Structure formats: C-alpha cells, structure tokens
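Reader: I would like to go through this model by question and answer. Please keep it brisk.

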Amino acid sequence: MFKDEFVSASARVANQIRDMIFITHELKKGDKLANERDLALKLCTSRNTLREAIKTLVAEGLLVSRRGSGNYVMGRPQADQLSFEARESDKNLMKNWYEMRLIIEPQIAKLAVERATDKEIERIVHWGCVEIQKTQTVPEFVFADQQFHAAVAIATHNITIERLVPYIQESSYYGSALASAGHWFEKAKQQSVQYHEEISKAFLKRDPFGAYLSMQNHLMQGIADIEW
C-alpha cells in the first residue's frame, strides 16, 4: 500500500549499485559495470531509470563514465564534506552527520506528531513497526529505515524539512553500510527496530514529547554504535 513512496525508482537503483560496491563487494575499484541492457535486467529496472541512477553516481564521483568504453567504479569519490560516498568507512564524518541529525530530527518528530494526518501516522507505523520487522538483508533494512524517517519528515508539512529527506536517507544508507562492514549490523538493527516502535507508539498516542525523546534516544544510540 505504501511501497516506494519516498524513494524514486532511480534512487533505489542507485542504492542497489552502491550495495554491489559497499555491501556485497561484487564491484571493486576499477571494475567496469555490465552493459546497460544486462545491468537493467539484473536490477529489474528500465534502461532509462538505470541511466538516471548512473548519472547520480557519476555526479557523486562513485562512478566514472568513459565515452566508447563504459562505466567504471572509482571507489571512493573525490572528497566532499557533504558526501557519505566519499567517506563510507570514516567514523568521524558519520558521527558528525549523526550529531547534526540529533540536533534537528527530534524536533522534526515533535512537529510531525503535532501536524500529521491519520493517514500519515498510519504510514509511519507501517514502516516503523511492520515493514522493518520483515527485513532480512541490509538493503531491505536500509530501504525500510529510509521510508520511516522520510515519512516522519514529510508529516511536518514543512517544505524546507522535506528537502532534508535525501540527506537523512543517505545517512541511513551509509550508517547501515558502516555497521555491516564493522559486523555490528544485527545489533544496530535490533536497536533501530526497538526505537522505531517507540517513536511509532508516540505518534499513535499523539505524544509530541514522547516522539521527541524517542527520536533523540534513537540517534544517540546511533552515535554510540559508531563510537563502539
């Protein structure tokens, strides 16, 4: 009912390619991507959507496109302080981003409780309590986590906050990738599920301060996991 609401098709395909680099390690620095037709079939997407995803990854510096040759993995892109792709294993940068989220997301949760429609709360609970429990793999968990945090932000009905959603989603993706690389993903997942449930319950109770505190605790735990 709520599938893929806040993640565009091209963004999801871009995440799939990132998974192949950072999580499954199917692709390494210098590797050439399969041709467009074969890769689109493998990722179960259209060639147009794949092209958009590749454009995104080229812009980030994760891939390089060579005319007449194809698309290649660059590994770590050129340094960009706003790019997790440049520092996927850099705990200090990840901590900085979580600290930024800690400043703004609890207040976002509080505002969302005060403004959310019943339908939006249903959506938040769906991703925070139902779908996230079903996840079996890192990519599945990341997708559910991204949808949950995006649903909270969208429920504020604040256009400026909505523009932060892609950054929040990037943080979720690379936080999970870092946890997976550090072999503490299962622990981080269990804790996230617990906090998502607490946040969702606060929404159901229309408790803005409960949502604020639960989101705050969730992000503080994320920082603690990074430091662990």
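Author: Buried means under 20% relative accessible area, exposed means over 50%, and partly exposed lies in between (1.4 Å probe, protein chains only). This is a predicted model, where local features need pLDDT of at least 70, side-chain atom pairs count only at pLDDT 80 or more, and totals for chains, interfaces and linings use all residues. Residues are numbered from 1 along each chain as its sequence is written, and side-chain values use heavy atoms, with hydrogens and water left out.

Reader: Which residues of H10 are buried?

Author: Helices (H or I, at least four residues) and strands (E, at least two) are DSSP runs, numbered from the N terminus. H10 covers residues 208–227. Its buried residues are Pro208, Gly210, Ala211, Ser214, Met215, His218, Leu219, Gly222, Ile223, Asp225 and Ile226.

Reader: What covers the buried residues of H10?

Author: Contact means heavy atoms within 4.5 Å. By that test, the cover includes helix H4 (91–115), H6 and H9.

Reader: What pattern does the chain follow along the sequence?

Author: The chain has 10 helices and 2 strands. Read along the sequence, the pattern is α-α-α-β-β-α-α-α-α-α-α-α.

Reader: What percentage of contacts in the chain between residues at least 6 apart in sequence join residues at least 24 apart?

Author: The chain has 228 residues, and 50% of them count as buried. Of the contacts between residues at least 6 apart in sequence, the share joining residues at least 24 apart is 69%.

Reader: Why is the aromatic pair edge-to-face?

Author: Rings of Phe, Tyr and Trp (its six-membered ring) pair if their centres lie within 6.5 Å; planes under 30 degrees apart count as stacked, over 60 as edge-to-face and the rest as tilted. A search of the whole structure finds 1 aromatic pair. The ring centres of tryptophan 127 and phenylalanine 143 are 5.7 Å apart and the planes meet at 85°, so the pair is edge-to-face.

Reader: How many residues apart in sequence are the parts that this pair ties together?

Author: Tryptophan 127 is buried at 4% relative accessibility, and phenylalanine 143 is buried at 11%. Tryptophan 127 lies in helix H5 (residues 118–134) and phenylalanine 143 in helix H6 (residues 138–154), so the parts tied together are apart in sequence by 16 residues.

Reader: How far is the charged end of arginine 12 from the centre of the ring of phenylalanine 143?

Author: A charge sits over a ring if NZ of Lys or CZ of Arg is within 6 Å of the ring centre and within 35 degrees of the ring normal. Arginine 101 lies over the face of tyrosine 98, at 5.2 Å from the ring centre. For arginine 12 over phenylalanine 143, the value is 4.0 Å.

Reader: How far apart are the end C-alpha atoms of helix H9?

Author: The expected span of a helix is 1.5 Å times one less than its number of residues. H9 (residues 185–204) has 20 residues, so it should span 28 Å. The end C-alpha atoms agree, at 28 Å.

Reader: Where is cysteine 44, and is it buried or exposed?

Author: Phi of cysteine 44 is positive, near 55°, in a residue other than glycine. Cysteine 44 sits in the loop between helix H2 (36–42) and helix H3 (47–60). Its relative accessible area is 73%, so cysteine 44 is exposed.
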